[in-house]
Amino acid sequence: MDLLNIDIPSFNNKHKDLHQKSLGLAQAISGKDNDTFLEIIEKVKAFQVAIPSWALGTGGTRFGRFSGSGEPSTLEEKISDIGLLHAINRSSGAVSMHIPWDQVEGDGQEIKAFAEEQGIIFDAVNSNTFQDQPGQEVSYKFGSLCNVDPAVRAHAVAHMKEVIDQGVKVGSKALTVWLSDGSNFPGQLDFKGALARTEACLKEVYDYMPEDWTMLVEYKPYEPNFYSTVISDWGTSFMLANALGERAKTLVDLGHHLPNTNIEQIVAVLLAKGKLGGFHFNDSKYGDDDVTVGALKPYQLFLIFCELVKGMNEDPSLDLAWMIDASHNIKDPLEDILQSVEAMKLAYAQALLVDYKALEEAQANNDVTLGQEILQAAFRTDARPIVAEARMQAGGAFDVIKCYREAKVRAQLTAQRGTEVKATGL
Ligand SMILES: [Mn+2]
């Protein structure tokens, strides 16, 4: 955090006049009265999204990896990077660990205290049964929880229990399970058998979780397997979550859908059935592209947030796990995360501007044109001043990228950690 070599209030002060003008304009265009407008700012201010520990280094593809410099190599360094982000945007107050890439040492109190100092809490922990670790006595080559070999399944279950144990030490309350399990060729795997074995193993892990923990079951249609995936879609995840119990829920990763899937509808259906557990935010054009949130389809992102806002309006106690899940091939990972969080807050602010009462009326009257007008009026409102106001009230920067660059964070990280450091992860 010492690296944030910038005085944020003076940085903000330079932009004060422009900000005040644009904030007034945003309120005028939104048509909201003072109280409602202030309420929206408060909600944006409270918005927090967890940063995955693997997103702080440069990501690669199966063809290669072009590492950046000054990357974090320990859990402490990763948390320290998130602390920097949080100091700038005030919305990145949580880390999502990935085990075994991250390891909680001892009783976890030291790392927990280190995170707390920077306002960081531990969000969902992630298990890894998609790659073999050095010296591992069994192989996940033919799957983990779906594997025909009971020894492999037992190994994967034991790993997930260990992930829970590590998460408990630092105060996590959820386990995210994404399985790469599936098959590459017709005839390789019996679909029903694979699903039954997966369900039985998940049940064992579910029963092992502490009472106040949630299991988030992630789905993905393809990759790394290209013929079938055991938990391929929201329906399969939903079915498993129902079979497991009340504390098992579906996790929606935006990139884990085939092109043109109506994700906002999936969100609404899961919310209606009380089974939406969390989100992995990213953006995609073709598949699991993992590009910056909002970089390609900001309107879809907004429509998803509209469903989430409706859900939160109906049930203010709705507790969703928000997380970024993206990888950065060619950008500075920290800049990419700042952009992603910003995109989420903008979509959230725009969704908060929607007049849902008027929308309901339009729908009740089958006024299709008006329904579209109401949504697009909110989407086309420049919500940047609202998000900036919320952030500055919380002690963050007027403009996150400008602030990060003016503070020369990457150059300092590089000076401290060198150019050869390679973060663990994807
Ligand atoms: Mn994901």
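Select residues 107–290 to begin. An unreviewed UniProt entry places the feature "domain: Xylose isomerase-like TIM barrel" on this stretch. In this predicted model, the chain over residues 107–290 is 38% helix and 16% strand.

Next, pick A248, which sits in strand β9, residues 248–253. Is A248 buried or exposed? A248 is buried, because 25 other C-beta atoms lie within 10 Å and the cut-off for a buried residue is 20 or more. Setting aside neighbours within four places in sequence, show Y206, M215, V217 and A241, which are in contact with A248. Then draw a C-alpha to C-alpha distance from A248 to P259: the two are 11 residues apart in sequence and 27 Å apart in space.

From there, go to N260, in the loop between β9 and α9 (263–272). N260 is not a glycine, yet its phi is positive, at about 75°. N260 counts as exposed because 7 C-beta neighbours lie inside 10 Å.

Now turn to helix packing. Two packed helices are described by the angle between their axes and the distance between the axes. Select α4, residues 75–89, together with α11, residues 333–353. Their axes come within 11 Å and cross at roughly 40°, so α4 is oblique to α11. The crossing of α4 past α11 is right-handed. To see the contact, show D81, L84, L85, I88 and N89 on α4, and L334, I337, L338 and V341 on α11. By class, the residues of this contact of α4 with α11 are 7 nonpolar, 1 polar and 1 charged.

The crossing of α4 and α5 is right-handed. On the α4 side the contact is made by L75, E76 and I79, which meet I111, F114 and A115 in α5. The contact of α4 with α5 has 5 nonpolar residues, no polar residues and 1 charged residue.

The loop between β2 (94–96) and α5 holds P100. Display the backbone here: the peptide bond joining I99 and P100 is cis, with omega about 20°. Another cis peptide bond joins E223 and P224, where omega is about 10°. P224 belongs to the loop between β7 (214–218) and β8 (228–229).

For the last stop, select α12, residues 356–364, and α13, residues 368–379. How are α12 and α13 oriented, roughly parallel or roughly antiparallel? The axes come within 8 Å and cross at roughly 160°; α12 and α13 are therefore roughly antiparallel to each other. The crossing of α12 and α13 is left-handed. Show A358, L359, A362 and Q363 in α12, which meet L370, G371 and I374 in α13. This contact of α12 with α13 has 5 nonpolar, 2 polar and no charged residues.

Finish in the loop between α12 and α13, at N366. N366 has a positive phi of about 50° although it is not a glycine. N366 is exposed, because 8 other C-beta atoms lie within 10 Å and 12 or fewer count as exposed.

Notes:
Residues are numbered from 1 along each chain as its sequence is written. This is a predicted model: local features need pLDDT of at least 70, side-chain atom pairs count only at pLDDT 80 or more; totals for chains, interfaces and linings use all residues. Axes are lines fitted to C-alpha atoms, for helices over the stretch in contact, and angles run from 0 to 180 degrees between N-to-C directions. Helices (H or I, at least four residues) and strands (E, at least two) are DSSP runs, numbered from the N terminus. Angles under 35 degrees count as roughly parallel, over 145 as roughly antiparallel, 65 to 115 as roughly perpendicular and the rest as oblique. A crossing is left-handed if the near helix is turned anticlockwise from the far one by less than a right angle, and right-handed if clockwise. Two residues are in contact if their C-beta atoms, placed from the backbone, lie within 7 Å. Ala, Val, Leu, Ile, Met, Phe, Trp, Tyr, Cys and Pro count as nonpolar, Asp, Glu, Lys and Arg as charged, and the others, Gly among them, as polar. UniProt positions are given in the numbering used here, feature names are shortened, and annotations may be inferred rather than shown by experiment.
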